[in-house]
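Good morning, colleagues. Please look at the model on the screen while I go through a few of its packing and backbone features.

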Amino acid sequence: MSTVRIEVRAEHDYDVVIGRDLLDAVPGLIGEDADRVLVLHPEALAPRAYALRDALVAHGYEPHLLVLPDAEDAKTAEVAATCWGVLGRAAFSRRDVVLGLGGGATTDLAGFVAATWLRGVRVVQVPTTLLAMVDAAVGGKTGINTAEGKNLVGAFHSPVGVLCDLDLLTTLPAADLRAGMAEVVKCGFIADPRILELVEADPAAAVDSSGAVLAELVERAVAVKARVVGEDLREASLREILNYGHTLGHAIEHAEGYRWRHGVAVAVGMVFVAELARGAGRLSADDVARHRRILTSLGLPVTYRGDRWPALLEAMRRDKKTRHHTLRFVVLDGIGHPGRLEGPAPDLLAAAYSAISR
Ligand SMILES: NC(=O)c1ccc[n+]([C@@H]2O[C@H](COP(=O)([O-])OP(=O)(O)OC[C@H]3O[C@@H](n4cnc5c(N)ncnc54)[C@H](O)[C@@H]3O)[C@@H](O)[C@H]2O)c1
């Protein structure tokens, strides 16, 4: 495949580069004035990190590699402090660079470390999960968790470049690929119906990490995210549409003690808001059925436990995006036309939930 560049407008503009066999392109994203590069990665990516180290040395940089605890265990104040220690001992200056090589947990932590070291140094993101490629690594939101909740501490800090090497996805477990596909499909529902057509034409090809269909899906989903964050960097309004399916999705993640993958919970959340929009007379029954068909074809769930409604409602009311206890949802007025639904009546909410409960 040819390499594609998608420009993101932010406090400084940057490119998301999408292609295959791209690790050699990383030095080009770093900038010539940097000397040192701190590469943060989980153990699973160690072979790739070594290859990257060799490429960085060949281009005259001084790489430092640090293995992070896996997944969410990386997103803690303790791990950030360990990174600051490495940066301090290696005398990283304002010109030097942090690089996140991993899934969304790694890119969130790497971005946060870069945002805070010397009040902000450059970060290059090399996402290695589908979710991180189409969502976490693009857009500049960085953060860590605290004992009180997920992503409560963080900063907006855009990367200087994002490199999506689709070859990295070949080692990703199928369950992670499916979960990431929920965010891809979300971009289809809110902004790019061609994504939905591609999945409908051949769902198996959509999750084949070596195929051309997945490549086009990543390009299209990144283009949607780039367009939305380019117009609303700090989540004032338009960026909210990216939360399609996330209000109930977050509540389900909470109810499951964060053992469900994010995308899997969002899949159920999208069917719920589709039902909500149908109940409010804004979305057709055919479009709701399309949600169920597409998500099911990708092996994603479209129902949830009927006995959990009171707990989920309570969790949605506590969500940090809820304002003055009024529930707000991104809904569709037809495919590709997101709108907002504020304070829906309790019976409308309950009816939508009963349509997805089992
Ligand atoms: N900043 C944002 O805008 C944003 C958006 C969405 C999600 N997020 C964050 O992203 C995180 C979830 O990201 P995720 O789903 O990528 O999870 P993750 O980073 O935890 O990665 C999932 C697992 O896959 C492994 N892995 C990663 N790449 C691999 C590869 N190529 N081959 C084999 N194994 C690989 C990881 O080691 C980990 O065990 C959450 O912390 C979430 O809050 C952030």
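Predicted model: local features only at pLDDT ≥ 70, side-chain atom pairs only at ≥ 80, totals over all residues.

Residues are numbered from 1 along each chain as its sequence is written.

Helix α3 covers residues 77-89 and helix α4 residues 104-116; they pack at about 55°, with axes 10 Å apart. Axes here are lines fitted to C-alpha atoms over the stretch in contact, and angles run from 0 to 180 degrees between N-to-C directions. Helices (H or I, at least four residues) and strands (E, at least two) are DSSP runs numbered from the N terminus. On the α3 side, V79, A80, C83 and W84 meet L109, F112 and V113 of α4, contact being C-beta atoms, placed from the backbone, within 7 Å.

In the loop between α3 and β5 (97-102) lies A91. A91 has a positive phi of about 55° although it is not a glycine. Most residues other than glycine have a negative phi. Is A91 buried or exposed? A91 counts as exposed, because it has 9 C-beta neighbours inside 10 Å; the class requires 12 or fewer, buried requires 20 or more, and partly exposed lies in between, with C-beta atoms placed from the backbone.

Let me turn to helix α10. In α10 (246-255), 9 of the 10 residues are buried, so this helix is largely enclosed by the rest of the structure. Among the buried residues are H246, H250 and H254. The cover over the buried residues of α10 includes α11, α13 (309-318) and β10 (328-332). After α10 comes G257, with a positive phi near 60°. Y258, in the loop between α10 and α11, also has a positive phi near 60° and is not a glycine. Y258 counts as partly exposed, because it has 14 C-beta neighbours inside 10 Å.

Finally, the core. The largest nonpolar core has 118 residues, and L99, V218 and V222 have the most contacts inside it. Such a core is a set of buried Ala, Val, Leu, Ile, Met, Phe, Trp, Tyr and Cys residues joined through C-beta atoms within 7 Å. Helix α11 (residues 262-279) gives the most to this core, with 12 residues. V218 touches I18, M133, V134, C164 and L166, not counting residues up to four places away in sequence.

Definitions and conventions: Contact = placed C-beta atoms within 7 Å.
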